[in-house]
Amino acid sequence: MPLAAREVVPLGSDWSFHLGDLPAGAESADFDVSAWDKVSLPHNWNRMGGTAKRREDYQNVKGSGWYRRGFPTPDKLGNRRVWVQFDAASVVADVWVNGVHLGRHAGAFAGFRFDATPALRPSGENVLVVRVDNSSPREKGSPTADVIPMNGDWPMYGGLYRPASLIVTAPLRIAMEDFGGPGIYASTTALENGKAGLRVLTRLENGTKKAAAGKLQIRVLDRDGRVAAASFVPYRTAAAGERAGRSEVASELVLASPHLWDGLRDPYLYRVNVRLLDHAGRVVDEVEQPLGIRTMRIDPQSGFWLNGRHIALHGVSRHQDRPGKGWAITPDDIAQDTAMIREIGANTVRLAHYQHANETYRQMDEAGMVVWAEIPLVDRSASWYSETTTEAFAANAEQQLRELIRQEYNHPSIAVWSIANEVNLEAAKGRGASNARPLLERLQAVVHAEDPLRPATLADCCGTIAEENKPGLDSVAGITDVIGYNRYHGWYGNTVDFLGRDLDRLHGRFAHQPISISEYGAGGALTQHTDDPLGGPIAAFGRPHPEEFQSHLLEDSWKQIAARPYVWASWVWNMFDFSNELRLEGDLTDTNDKGLVTFDRKTRKDAFYFYKANWSQEPTLYLAERRHSSRPYPVVEVKAYANTETAQLSLNGRSLGEARCEVGICRWPEVTLDPGENRLEATGMRDGKRISDAITWTFEGRPGLYHIRAGTLEEQRAPDGVLWGSDVFSKGGEAHFRDRPSMSRGGEPGPVRPVLGTRNQAPYGSWREGDFRYAIPVPNGRYTVRMHFFEPDEKAGVGTRQFQVLAEGREAARIDVRREAKAARTALTREIAVNVADGTLDLVFQPINGPAIVSGIEVIPK
């Protein structure tokens, strides 16, 4: 039921839509739209991502789209006002009613509204027209040239992708022209001695020609609708035209024995209800908003505190898109996301990199999540056509920040307002200079003015230590009250064990500023697997992205984060895979695959269960690598994620013993598989109950048989059907893979140049070089070792790469790859016979002149 004196009419159906620009006059009421498509809101016109090959319905048009529908003038309108409200339109929207231009909104993520009353017909049908434009901002003159974001690792979908409605109000009303906000803003100002101090700010607008006076009735309602606190506050507003008839009324309330909003433990919600009474005591407007009574504090040493209780915040980031739907998602879609985030045991969510739907924040309130809320100031602090921040650019960033804060102010889940993400990334890549600090300082001041009780934050990627920066790259650390660091150690550079040292260094350097990890993560492809996540380099910007590598990096990252209590929060990037029209990575196209869950929300990756074992109280026992079901090697490690102290493992009914589970990980190293089917079952005890999990792997070979692709994380099946595994059991040397495929125009991998002289490319996709060795577990006996080589350097001459191979401590071969293969990038095979007596085949590749090299190793029992 609508609240008194305010009527809301949804505008979800009966829209006509045309993709592409139209000639002048398309906004007029009599323009012919008979050929337009029939659509409902939410709606967007772009579709991409989530598939191995580019989607059959792929659509990435940038430009304008037109929407049109009719609506009747409300009966007995009198002096009431009619507003058209859009919960979002991407990116720039122009709105007309009956051919009258009501206004333009610039920004893809915030709600906005216009007063349509002057354009309405006295009675009958009105025509509402919206032109939405998601053109690229990279060209001067584009309608989005000064509208943030300028760039980002996600597509800017176009359309009216959130709901729209008509709102009918009295001329004297709670503010409708307040950056899209509700007009009432409630906060907890004190929490002590069993009482809560509350402040409610109400903004009023008077659309009449006379000054108005009356009272505000302010009530705090508990979950059951009972009045927990109330007050009447007088108000007086000027007439329209005098300060635009706007005024503010602040009221203070005290709530005895408050029921706190206490995060996951008890996310209790009140409602604050404000009624606007005229001089005769009649209700002329009414607005209601959520209220959670809580205090939050972030300390640079001890981290995050909620209601005086320390909480270690650990969680995930979320993008809002879905395959096929893009941004045009429903409350049920949001609810599914929220349920998965709760299932993993997260207690905080970073809603990146923009303002999400109001429904999302509402669900975060109800779930007890602590939220990082953000505006889309990403990669750059200036438009593409300017070296420095223009006033138009800065004004748009400020507008979007004020919209975010006012529209979502009343959500108790929100802990921080983020003003930027990786804002100097382009400069760090050498694409121009960054002078972000003046804009960020301006936005920090906006946060303090709009909401003194919540801190400002930002996510920093680059150039943190100012004196270490190259010219043109400025440091943004130290500006905001608190900060987040986006750190992908082990993925985009360095090694994963550098994360802890990096955090300690930053904490010591900026001791006054509480720090968090706003992003860390790795890609994870369901169909790509590795037998050793340390066996080769990761192709962060390409392929492969083995699921097991994602798990390895996140395991090691979390151990380092969890050991540092001064990190006030951390967020895995990302909870779900999401779309990006420029990526050809992992096993997907147009998709960022760093999610813990697939884009379609159907599959939880292994790493999901690692975090669930560490974060959730729900009994968890999960055998990892279940999608790595065809095993190339006879000796493997078995791993489970569990929140049990120990776990038992059996293989085809035989006990393999007990393992301790530390940081959620239980390991059984050097498990020998049976030829054919292997059923693994793990069991454990949690809260006095037995829990278990089982998977089946198939070992395709026989004991002692190996086909090793040296220097790579990627398995590959050869033309003869043999499954070659990734690099294992190696020590030393450097791993390399051959040229990676590039994106073709059709959104598929282009061809890779083959090694000559062989049909079987499986042993030649990568190599290990230097001074290195292999220790391969095998049963005792005699073996043929077949080694595969090629010279990757086309400029290498004869004699520039000479080395010897030692087997079981004895020289077995001397090799000059360039001489024996006759040409570079040409296959060479050598065989040696080896007798193993100690259960391990030892192979040493020792340089003589230039580094040793090998690209494939076959171990074949005789």
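Mentor: We may begin with a charge over a ring: the charged end of Arg-601 sits over the ring of Phe-576, at 4.0 Å from the ring centre. Please bear in mind that this is a predicted model. A further case is Arg-509, which lies over the face of Phe-510, 5.9 Å from the centre of that ring.

Trainee: How does one describe two aromatic rings that pair, and how many aromatic pairs are there by this rule?

Mentor: A pair of aromatic rings is described by the distance of the centres and the angle of the planes. The count here comes to 37 aromatic pairs. One of them joins Tyr-185 and Tyr-409 in an edge-to-face arrangement, with 5.7 Å centre to centre and 90° between the planes. This pair links distant parts of the chain, 224 residues apart: Tyr-185 belongs to strand β12 (residues 184–192), while Tyr-409 belongs to the loop between α3 (391–408) and β25 (414–421).

Trainee: Are Tyr-185 and Tyr-409 buried or exposed?

Mentor: A residue is called buried when its relative accessible area is under 20%. Tyr-185 has 5% relative accessibility and therefore counts as buried; Tyr-409, at 10%, counts as buried too. Another edge-to-face pair is that of Tyr-268 and Tyr-270, with 5.0 Å between centres and 75° between planes. Both Tyr-268 and Tyr-270 are buried.

Trainee: Which residues form one aromatic cluster?

Mentor: The cluster consists of Phe-109, Trp-154, Tyr-157, Tyr-161, Trp-327 and Tyr-354.

Trainee: How should I read a helix, taking α7 as the case?

Mentor: An α-helix has 3.6 residues a turn, so residues three or four places apart point the same way. Helix α7 (residues 547–562) has 16 residues and spans 22 Å from its first C-alpha to its last, close to the 22 Å expected at 1.5 Å a residue. Because 13 of its 16 residues are buried, α7 is largely enclosed by the rest of the structure.

Trainee: Where is Lys-605 found, and what does its side chain meet?

Mentor: Lys-605 is found in the loop between β31 (588–592) and α8. With a relative accessible area of 0%, Lys-605 is buried. A polar atom of the Lys-605 side chain lies 2.7 Å from the backbone oxygen of Gly-524. Among the residues that Lys-605 touches are Glu-547, Asp-577, Asp-593 and Arg-627.

Trainee: Which polar partners does the side chain of Asn-98 have?

Mentor: The side chain of Asn-98 makes a polar contact of 2.9 Å with the side chain of Asn-126. Asn-98 has its place in the loop between β6 (92–97) and β7 (100–106), and at 17% relative accessibility it counts as buried.

Trainee: Finally, where should I look for backbone features, beginning with a cis peptide bond?

Mentor: A cis peptide bond joins Ile-148 and Pro-149, with omega about 5°; Pro-149 is in the loop between β9 (125–133) and β10 (164–169). A cis peptide bond also joins Ala-352 and His-353, where omega is about -15°. His-353 lies in the loop between β23 (348–351) and α2 (358–367).

Trainee: Which phi value does Phe-179 show, and what is that of Asp-379?

Mentor: Phi of Phe-179 is near 55°, a positive value in a residue other than glycine. Phe-179 counts as partly exposed, at 33% relative accessibility. Phi of Asp-379 is near 75°, likewise positive in a residue other than glycine. Asp-379 is buried, with a relative accessible area of 6%.

Notes
Residues numbered from 1 in each chain as written. Predicted model: local features only at pLDDT ≥ 70, side-chain atom pairs only at ≥ 80, totals over all residues. Heavy atoms only, no water. Phe/Tyr/Trp six-rings, centres within 6.5 Å; stacked < 30°, edge-to-face > 60°. Helix = DSSP H or I, 4+ residues; strand = E, 2+ residues; numbered from the N terminus. Buried < 20%, exposed > 50% of the residue type's maximum accessible area, 1.4 Å probe, protein only. Lys NZ or Arg CZ within 6 Å of the ring centre and 35° of its normal. Expected span 1.5 Å × (residues − 1). Polar contact = N/O pair within 3.5 Å; in protein donor to acceptor, adjacent residues only side chain to side chain. Contact = heavy atoms within 4.5 Å.
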